[in-house]
Structures are given as structure tokens and as C-alpha cells.
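I opened this notebook to record how the chains of one model meet. The entries follow the order in which I looked things up.

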Number of protein chains: 4
Amino acid sequence: MNTFGNIFRLTTFGESHGAAIGGVIDGCPEGITLDLDFIQSELDRRRPGQSRLTTARKEGDRVELLSGVLKSPTNNGALQTTGTPIGFIVRNENQHSSDYDDLRDIFRPSHADYTYFIKYGLRDHRGGGRSSARETISRVVGGAIAKLCLRQLGIDVKAWTAQVGNIACDRDWTKLNLSQIESNAVRCPDTAIAQQMEDLILQVKSEGDTIGGIIAGVITGCPAGLGEPVFGKLHAQLGAAMLSINAVKGFEYGEGFAGVEQRGSEQNDVFVSASRRKAETKTNHSGGIQGGISNGQPIFFRIAFKPVATLLQPQETIDIHGNAVTSHPRGRHDPCVLPRAVPIVEAMAAMTILDAYLINQTIHLHALDASSVVEK
Amino acid sequence: MNTFGNIFRLTTFGESHGAAIGGVIDGCPEGITLDLDFIQSELDRRRPGQSRLTTARKEGDRVELLSGVLKSPTNNGALQTTGTPIGFIVRNENQHSSDYDDLRDIFRPSHADYTYFIKYGLRDHRGGGRSSARETISRVVGGAIAKLCLRQLGIDVKAWTAQVGNIACDRDWTKLNLSQIESNAVRCPDTAIAQQMEDLILQVKSEGDTIGGIIAGVITGCPAGLGEPVFGKLHAQLGAAMLSINAVKGFEYGEGFAGVEQRGSEQNDVFVSASRRKAETKTNHSGGIQGGISNGQPIFFRIAFKPVATLLQPQETIDIHGNAVTSHPRGRHDPCVLPRAVPIVEAMAAMTILDAYLINQTIHLHALDASSVVEK
Amino acid sequence: MNTFGNIFRLTTFGESHGAAIGGVIDGCPEGITLDLDFIQSELDRRRPGQSRLTTARKEGDRVELLSGVLKSPTNNGALQTTGTPIGFIVRNENQHSSDYDDLRDIFRPSHADYTYFIKYGLRDHRGGGRSSARETISRVVGGAIAKLCLRQLGIDVKAWTAQVGNIACDRDWTKLNLSQIESNAVRCPDTAIAQQMEDLILQVKSEGDTIGGIIAGVITGCPAGLGEPVFGKLHAQLGAAMLSINAVKGFEYGEGFAGVEQRGSEQNDVFVSASRRKAETKTNHSGGIQGGISNGQPIFFRIAFKPVATLLQPQETIDIHGNAVTSHPRGRHDPCVLPRAVPIVEAMAAMTILDAYLINQTIHLHALDASSVVEK
Amino acid sequence: MNTFGNIFRLTTFGESHGAAIGGVIDGCPEGITLDLDFIQSELDRRRPGQSRLTTARKEGDRVELLSGVLKSPTNNGALQTTGTPIGFIVRNENQHSSDYDDLRDIFRPSHADYTYFIKYGLRDHRGGGRSSARETISRVVGGAIAKLCLRQLGIDVKAWTAQVGNIACDRDWTKLNLSQIESNAVRCPDTAIAQQMEDLILQVKSEGDTIGGIIAGVITGCPAGLGEPVFGKLHAQLGAAMLSINAVKGFEYGEGFAGVEQRGSEQNDVFVSASRRKAETKTNHSGGIQGGISNGQPIFFRIAFKPVATLLQPQETIDIHGNAVTSHPRGRHDPCVLPRAVPIVEAMAAMTILDAYLINQTIHLHALDASSVVEK
């Protein structure tokens, strides 16, 4: 259950305060040029300590690829995937385990401490163990490699902070300037709204509190036909991917929850002819997916994040013996996870789409022409 | 991709206008007494023609179990599961295929016609083919059997219509009388609100239009410890299950989307000691799941349904040649799918929980005592 | 665990004396023309009562396809696969359950009675229940459809009875006339040897005893490149497929067990150039697979079948209470399963190769050209 | 396809001349004490350079566990599994890549060079890349951990070299002294035969040639009831596991291929009563498995290994341009792989049995008693 995907499969391992975080990517197509700087830059977007909005922890988070790649003999020595599994690790450094000594026997409210303890009969008190968001490092590595594959297909994945607390940018993504996402620390494409979000986060932080929000995402350039009915509907796979991210409490696509108040005559997307055998829709209330299969329009989705559970203020709780105690968390924590969660959302979306793309390659029977395969 | 689950696995087949709908349930524990009347009553809850709110189509939808069961030698001949796969079929009857003749070459707006056509290169124009909601018959059969298993464990699954258009009952399920769900045609536990919902649906129907809504669900009696981190988080599996149901556009659990405006200090659930080695929470903002693992509190979730795409009014669209045409749907269709979707939601929830329960049995190493196994 | 395959997936259900045997084929490519007569003819090859060598039971074994197919609008109404799951059933008829009444509480030697009882805590005494070879009906249906797919690719699968007791035909299949396989009741391509095998089987039958043997198979036209290292090696998948057939005790390919006495210098296959970027081997000791991947040469394998356990003579055993009893089997049973197992071996081989072919389509990233997809 | 198992799942990565070999073990039960010395000792049994029979390469092969373990607070700080995935790596050292420079463009006979090249369109010429037997390091790590689990259940797995070329020890394992397996370099329990095997291997080595053989294995203490009909038969899973090991050409269990000449009356195993609700068999021709399910008797199997393809003598072949060339392998290679393959066979058997054991825990519905779970 630590594996994601059907064909392009990411298996992850690692705890926050263990020796390393890492994973194995199986099923990556061969011959993909891997831009290591790009992979590292994606990790840097997720890294703590980027701005005053995030935890002050400094983590280098340097990824080391251990297998599945080879220097191309023809392409200036660029790294290429070989089709065999890509193993990778990121060493854990600078972990202040002692910050957590006080928590050894305490169940922090709304954390996974209690549920892991009940499930496994033991606990790793050091910073959340396996349930720590550090696990998402492996997802960002997998997602970066998936993005490099999708780039060859003209498919692009973008996510942004759409709401923090009650401050939201326009829901209609076509009215946003997505090129501005990385222009500010909260990763909101509306820079005026971004400033308000930033102010709110700093205020919440000053109170030792935390705040939730919404990340939105859009996938463009996705061809029609991806997604596997009936249980493998594209949005069901996308939803499962997003709901597996720490602190996520909801997923919607297209008109989502807001659309339940509409009539069918309002929400239906009328088809118009685009080109030979290709249709477009006048509107995109469907969010790019119909009957669980992409229809060629942009895929639009939104994800609800709860306020993170770690507060820098005292909280009542109990210890493993059932005694009432007060928790006094220390350490360095984010008052709002959304800015750093944006690359994680993109990573999960990229892996989901690539996996759907690859599995879709199996529904037609192609005559394999061996001679054409070995051209490179 | 027509299989749901990891241990308790449902594989389904069938199109709306083919010979039969059916499936195979693999991994059902042995020795479960199957109450055929209960299974059929669950199908009856899903069946069209139950009330004036639903399509007038009459479908008998009688299930036939073909394998995996045996009359108990000791229990008055009651049917018991044997641990081998349970095959079942429901014959399609009374299908007015001719209702769909006009649609042979037309892509109905916001249906799966176009996406299936692009994906598979052909189409089954008769009533939606595989994308028809008739496929959910198989889910209800699987869910009914899962419910019979869960009943032995004291786990109960209930769903209800929580909102139709802009008419909603109380979000706090503890304030609802869930015993009233089946007392009215819309399956809303608040009977006064139910009447308003019914009025709205009939009004929409009279306009040849359709309307969306929200179904809520709660799972009680679920022990702590279910769910598999990191990609198999319990709510990720539950979300994928719900998002695979036709017309679903969103899933949330606990405080969901509404909770993004809250602070951590508001949303955290404080632990209190219940009994030896067992904790409870004062509040349940988490919705019964923390870190992807059930914490023993009720699991609460909500699902957004769009208004169904089939309108009984003309709509602009195109045909497979790209020509602009007007679609004139006929036949018998639901103006609002929610009343009939309630048992489908319950079925998917029941299968998800049972599957999580069974996989959880593998995380500890039990010494198998063969002699104790064969007591029955 | 009642599912076979990764992309082309067969899920089966059914007991020998239940209502029906059947299954679901998921992942069959769309647009394959299904020749129903061919599918039925494959079932007829497996059917009891074909000759005096097999049980006298008469089973019609008529297959009914319930979904996943549509009459082609262009191809004379021929049935075509739609890409959705193909459900099918074969009704059980003419089952003399009363033949088994004496066996209700008895563990027949070397049958699955005892192991099923210990595993599931109950037993279906009627003819073996799920462990009956009747389950292989579903495999033959799946295999027939796989063969129709492979035919489009120029891949052919043939199996034959290579040995019965100590009577064997030539191990070198290139010296056999495979067109003679169906010319005799034992399905041995060497008609003189076939006669000796037939005599031996009839003699064994007259003694109320049974006899084992070897089935050999060859897959021709298979392109190089199929098989997934490291755990999904092509021969590992083929071996698992064969070992899942009732009464199979061994699997080997290429030189197999006999080759362990050879030196590397004897067994290595020297490469010669065939055409641009394509190699052939002077010899084929490897059996068409190197490093777990097909090399374009014929794939050759052999399977050991034990003598079936059901004897028409008294045998000592115990009952479920541990009492020593004597078993007196009645009913109609094969003295040698090999003639009827030939189509089952072919079916499993065909599904394995098709599945490997489809998964191999995912290792390269193809730009999906939607317009080309919908040509048909 | 680089993942083995259903519940206890090993995913591996790594090429012979890359940075590291490693893997992830998912689904290992929690609370298992990991004896690191034992794990390393298993790797040492597989390591090259153990004796004059094996390659002179010196590989340290030190395993580093990266996650999934925690020092026990109560058990003298022993490492315990936590139930989360165990990531591990073994660094590659001392790799003489330059030994392979001459082979850059050459397809070595009966190696995987050609098939990998055709499949992936590129090749890693350095020592076989992913197809190298170095990949089995990860299997030995996984198998060692599986053995530690099985030890708690009283299940033991042993393998030995049963035949080299035409020199074989007794097929009846009950006549062998298995405590002598590790007493000699070939790992044959019959020390007199072992000496003859050693002489043969050294003679073959002196000729620059290689030789095949048979490894036998036995699993004792395995309870009745393991194995999942119909496609997951225990011997089918065991066979697939063994066939996935490099150079394996065949698998048989019980009487295997030799048994095809027997009559049913000779090969059937008569049941006798052992104790309440438990049966034994007078003989064990079945090899401990009936109907795909373990029957409580020892599980006995044999595996055929071909002579390895790398000869230290010139061989004709072609290069990637289709030109005829002569291959002159250098480097350090084993003349016979069997002695070092013994621990690999054991590892695959141990993982197969543990996986079957864990999945068997799901067929009964146990009432989960949370309080009992957290006793430790």
C-alpha cells in the first residue's frame, strides 16, 4: 500500500527521522531524458525554509538516483531512462529528534500518533514517523520524472494556492495569470490576493495557530480518451491521488460541490465541431472529464486542506497510559501547508495522468514492429 | 480496471442494453450467512420506478447467485459463503433500445458518448452502454454482501440525501434521526426538508430539467486502525470509491471544504481517555480518520452529484460527422439521481471498509491454529 | 486470487455442481472480431465424452457472452469487442450430484478435499467443488478470445500430448507434424505413438487406474521483446500459468531439466544476423526466451501432469471425524487427463502471451493521435 | 513488474554497475525483531569470492536498512519492524566496468543483451545491467527478513545443490543430512557427492566452460491451508518465484516430471488420522501441496539451472550492426552458479510462503480487539 499507480508505479519508503527517504519508480518509459536540475528544482519548491511563511528548518533534500538511468551515447551524455526501475534516496539531515522527546508518550491532537499506535502497536514519536509530510519528497521526485514524460506529449500540469482561510482568488482559472504562481511566496497567481494571504498566514503564525486553504490545479494539453471505466475513472484516480496527500480533506473537479445547486440545462457542456473527428465544448463545467474519461478540454480540480494540527500553543490531550496531559509542541512548523503543497499536488497529478496515458496504450492492439523500436 | 478492492474484490461487467449485468466477488470471507431477501431489498432501493421521483422504467432486477455459496448443513439450510468467488448476474429486461435509435450518431452533451467513442473507436449508443448507471446494480450486490459481513463486526453504514439543489438538511448528522431515511421517497432523514426536496424535484421534472445534490454518509462501529498509509489512506480509498459512481463531482470528509476557513485551534480534536488503551475525541472534526487511519469515531463524508445530463428538452450538439444537430432525448429518466444513489453510496462505503478491515488483518503475524479454524 | 493476468485479465467463478461456471475478461483490446464458432470449438476440445478415452459424461458446455461485444455496423454484423469487460457463463447441466453422496464426509486421497476443508472450514463435497477441473472451462473461453487477438498479430499457440506413462514422441518438435495433433483422440502429432498411448490409456482404464504424462507446447510468430524483468520474466509468467492447471506437477522450457547435464559451450545459442536490426539463433536451446524476454525464436515448453487421483478402485482413507474408511468412487472419470488438457494448456499460453504483448506496449511513450484512433 | 508478492511485497531496483542495488519491502508484519547479523550472513552466502568454486570478485555487499525499523524500548534496543516499508540499499563497489568495454556493441550468446536491446531500444553493456545476477542481492535481503518472520511460526526453509552436471545426490530428501549443507563449498548435504561435484566444477572451470545443475528445497513446519485457488495455487506461486531467478529453466514439486510414468494407485497419498481434525499422509508424493493448498506435510521442490552463458573461451556472435564477430569474455565469472544460488532459492521460497501465510489471514473474518493489539 506504499505503491501508487498501475503502470508508472511509485513505491516509497522512509520516516521523517530515519536515515533516508526514498523510493522506486517502476514502469517509466525508456528513452526519457532526465533533467536533474529540473528534478532538484521541484524538490526545492517543496523544501522547508524557502520563505518566512514556512518552517525555518533547513533541509538540503538532495536527491541521488541509484539506478534506471544511463548516459546517452549520442545526446551529450545526458541521462536517459533505460526502462528499468529508478531507485532514489534523499538523506535525512539536520533532524532535531530531541525536539520530540517530550512527545514520546503523548498523542498529539488530530495527528496520526494515536491511530498509528493502535494500528501497529508501537509508535515512532520522532516527528510523525511515516505519517510525516517528509514522505512527500518521494512523490515530488516521481512527479518531476512524470512531468518530463508529459512534456514530450505536450501535457502541462499547474497548481496554485487558490484560498487561504477565507481569502480566495478567482475560481475561474482562465481569468488568472498562471505565469505569476511562482512570483510570490504563497504561490497564488493573483499577486494582490497573494499579499492578503501572506498577511493572514503571518498573523496566524504570530498567534501560534495554523490555517487551512484550497489548492486548485489544471491539466492542459491532455488528449481525449484517458481514464478507465468504471472503477478507474480518471477523476477517481486523480481524487485518490490528492486525498492521499497529508492534511487533504476534500477533492472536487469541474463545478464540484458548488454545481449541485445547478440545473442540468445550466451545467451541460454543448459540443461543437473542432476539426475532423474532434469535438470541443462551448463551456467546461465538466472539468475536462466525462464518464470518467478525458474529453480533451482542460482538467480542472480543487483540493481542501485542513489547518495543520501542530500548534505552537498548549493543547490538552492524553498520553499512552490514558492520563490527561498538556502538549507543548516545540520545533519548527508551517502555519499553513499550502505554499509547499503546490508542487506535491502537481506531482500527484502528473503521475496520475502519465499512468492513465500509459494504460490507455493497451486498449488497442498494435502490431509491434521490432525494427522501428530500435532506431535510437 | 473493472475491479474494485484489494482483498474483497468486486469485478463487474455489463451494459445497459446487453444481455445481463453481473460480477464476481472474490475474497469474501468464508462462513458468512447470506440473506437473499436482504440482498434483493438493497437492489429494490436502487431500482427505477420506486416512486414518482424516479424514472417510470420497471426493472425487476432479480439477482441470481451462481457460485461461492452452499446450503449450511447445520443452519436450517441457510446459504453460506464458501470462500470461493461469488458469481452473479441480473438479466436486463424491458429495455426499450428503440428509444435510442435517434441517438445512434449523436454525442449527447455531458454524456460519455463522445469520450467512449474517442477512447474505443466505436460506441454503444443504446442507453449509455457501459457508462450507464445500470452498472451500479453489481455494486449494490457486492455492497449488500459486504454489509452482511460488517454486521457481524458491529459496523453500520448509512447514507442519505443531504441536499437537493439549494435545499439542505442539517450538516451535523448527530442532529438527524437516521431511522427516518427510508420514510420518504428522497431518502432524507429530515422529513420536513424531504418534502421540500420532493417538491423541487417534481418542479424540475415538469420543466424537463434535472437537478444535483449532496449525499452524506456515516460509518459507525468502525474500530480504530483501518486504512493503509500512505497511498491507501482510508479516506483516499473511500474517496476513490465514491468518485467512481456516475455523476459524482466531489468528495469530502470531516469538516471538508468548509473547514479550510478554520484555524487549527478550532479544528483539532482533543483526546480524552475512554478505557484502557482506548481514546476518544471530544469533537469529531476529523471525521473519524486521522493520518489516513480510522480512530474509532464515526466516519463522516459527503459527496457532490451534478445534475444528470439527460434532459427532456432539445439540446444543441453535434453528430459523429461533426455536423451540428439538435438532440431530442426520449425515454424515461430521473430528474434527480440522489434518491436512488443512496444505496449505491452505502454499497461502495461498505465494500471499502470491509476491504480495509481484511487487509488490516495482515499487519500482525498470527500463529495459525488449524484445529481452531475448522470448528464449524 | 481468482484473477489471471495484468492487462488482459480473466476472473473466473464457479463450482462443478453449482448453477454455472463463468468469468469476466477485462482488458481485451477493442475491435477484435469474435468468432463464436471458434470459441465453442475450443470448448468442444475440452469437453468430456469426446472419445472412449475420456469420461462418458455428456456436457453441452454452451457459452453465453453477456457483455462487451457489439454487432459491427460494417462487418456483416459480426460480433466485435468494445473494450469493455466480457462477461460469460456456461450453465452446469447433467450433474449427478448423488454420485458424490457417499463422499460427503470422506477425504479422498490426493484430492483437494482435505486442504479445502482445513483452509475454509467447510467443504463442497460435490465433485470437487471449486477445485474441479470444470473451472478450466472459463480458461478455455478466455484463451479462445486471446487466440483471436494473437491471430491478428501472426502469433500461433499449439500444444500436444508428448508423453503418456513411459510412451513418448520425439522431444524435438521440429521433427513432428503438428497438423496431425487433432487427428487422433490423444492429441499426439505422431500417429503411431498416439496409437500406443491410446492402448496404454485403455489398459489403465480397464484396471480402474489412471496414468500421467507430459504436454508440450510451442508458440511461433512471437516477436522479440515480450516479458518483464525481473519478476515478470516471460517464462515465469508462463510457468505460473501452467502450474495453475489441475494435476500439473512441473514446468520446463528450452532444454529444461535435461539441459542441466550440458556444458555452456553445448547449450549456448549462437547469434546470426537475419535482417537489419534483427538477429536469429543457429540453435534454440534457450526455448525462445533469454533473460526472461522473448528473442523472436519459437517458445518451447513442457508440462508434467500427475496421474489423476480419482481411481475406480477402493482406497483407504479417513473421514472428517478421523475414522479410517474405504473410499469407493463412482461416477465417470478420465483415466488420463492429457487429451482434454491440451486446449487448456493452449488457452493459458495464449492469455500469457497476449498479456505480455499488451503490457509491452507501455514501455515506450507513444504520442496519441486521437484522430487516427477513431478511423473504424 | 519489479515487485514480488501480494501482501509481503518486495520491489527491487539496481544494475550491476550502477551506484547501488536495493529495494523496498512493503507489508512486513510489525513487531518482528530483525537480526542484522543474520541478514548479513545470508548475503555472505550469496557473495562472490567465497571459495575457489566461485568468481574471484570481492564484493563487500553490506546492506544498509534505511527505514521501517525502530530500536525496541523494551528489548535491549533490538531493531524491530514498525509495519512501515523497509527501504534498503547495497552499494556497488569494485566494479571493473572496463572489463566490459569490448562488449559494448556485442550480443553475447544466450545472454539478455539482445533481448534487452530489442525491448528497450538501448543497452547497458556493463556486466548485464539489470539482468545481472547482482539483482538477487535484494531478494536475499527480502528473504532473510521473511525467514525471521517464518521462524516465529516454526516454518523452516532449506535448499541445497542436488545435482551438478550428471552427479546427483539422493532425490529422497529424508535420506539426506541437511545439517551438512553448509559444510562444503557446493552446498550439497551428501559430502561424498559434494566432493565429486566440486571436482567436476573445477574441471569445467579449467576448460573455460560452465555446467548446470539442480537445486532442491524443502519447507517444513508449514501449516495446512496456505495457497489461493485457482490461479494463486501455492505451487504456482512458488514456481513463478523460482522461474524468476536467473538461469532457471524448470520447476517441479512432489514427484514432478518423474511421476508422469506412475499410475494413480502408486502416486496417491493415503490419509491417516494424526490428531483431532488433523490428517497426515502415509507417503508424500504430492510434495506437501494438494489442489494448490498446503496439506501440512513438507513441501518439496526442485529447480533446473542451465549452465551459465558466460564462457572464458571465444564464441561466435554478431554485433549490433549485424556483423559477425568473435566474443572474448574476460572478467571473473562462476563456472557453476548453483552454490551461490542456494540462498537465493531459499529467499524466494521464504517470501512466497510468508506472503501466502499473510493472505490466508484474510479468509476468515476476525473480530478485531483493539485493546489486545497494543499489548506490546
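The entries below concern the contacts between chains.

**Conventions.** I worked on a predicted model, in which local features need pLDDT of at least 70, side-chain atom pairs count only at pLDDT 80 or more, and totals for chains, interfaces and linings use all residues. Residues are numbered from 1 along each chain as its sequence is written, chains are lettered from A and ligands numbered from 1 in the order in which they are written, and side-chain values use heavy atoms, with hydrogens and water left out.

**Entry 1: chains A and B as copies.**

**Entry 2: the contact of A and B.** I took contact to mean heavy atoms within 4.5 Å. Chain A brings 110 residues to it and chain B brings 110 residues. Of the interface residues of chain A, 100% are also interface residues in chain B, so the copies meet through the same surface. I noted a buried area (the accessible area, with a 1.4 Å probe, that two parts lose on being put together, summed over both) of about 8100 Å², with 60% from carbon and sulfur atoms.

**Entry 3: salt bridges of A and B.** I counted a salt bridge where a side-chain nitrogen of Lys or Arg lies within 4 Å of a carboxyl oxygen of Asp or Glu. Chains A and B share six salt bridges. One of them joins A:Glu207 to B:Arg263, at 2.5 Å from N to O.

**Entry 4: strands across A and B.** Helices (H or I, at least four residues) and strands (E, at least two) are DSSP runs, numbered from the N terminus, and two strands pair if DSSP finds at least two bridges between them. I found strand β13 (residues 248-253) of chain A paired antiparallel with strand β13 (residues 248-253) of chain B over three bridges. There A:Gly250 stands opposite B:Glu252.

**Entry 5: chains D and C.** I then turned to the contact of chain D with chain C, which takes 110 residues from each of them. In chain D, D:Met1, D:Lys119 and D:Phe231 lose the most area to chain C, together 11% of what that side buries. D:Arg263 forms a salt bridge with C:Glu207, with the closest N and O atoms 2.5 Å apart. Helix α2 (residues 113-120) of chain D gives the largest share of the side that touches chain C, seven residues.
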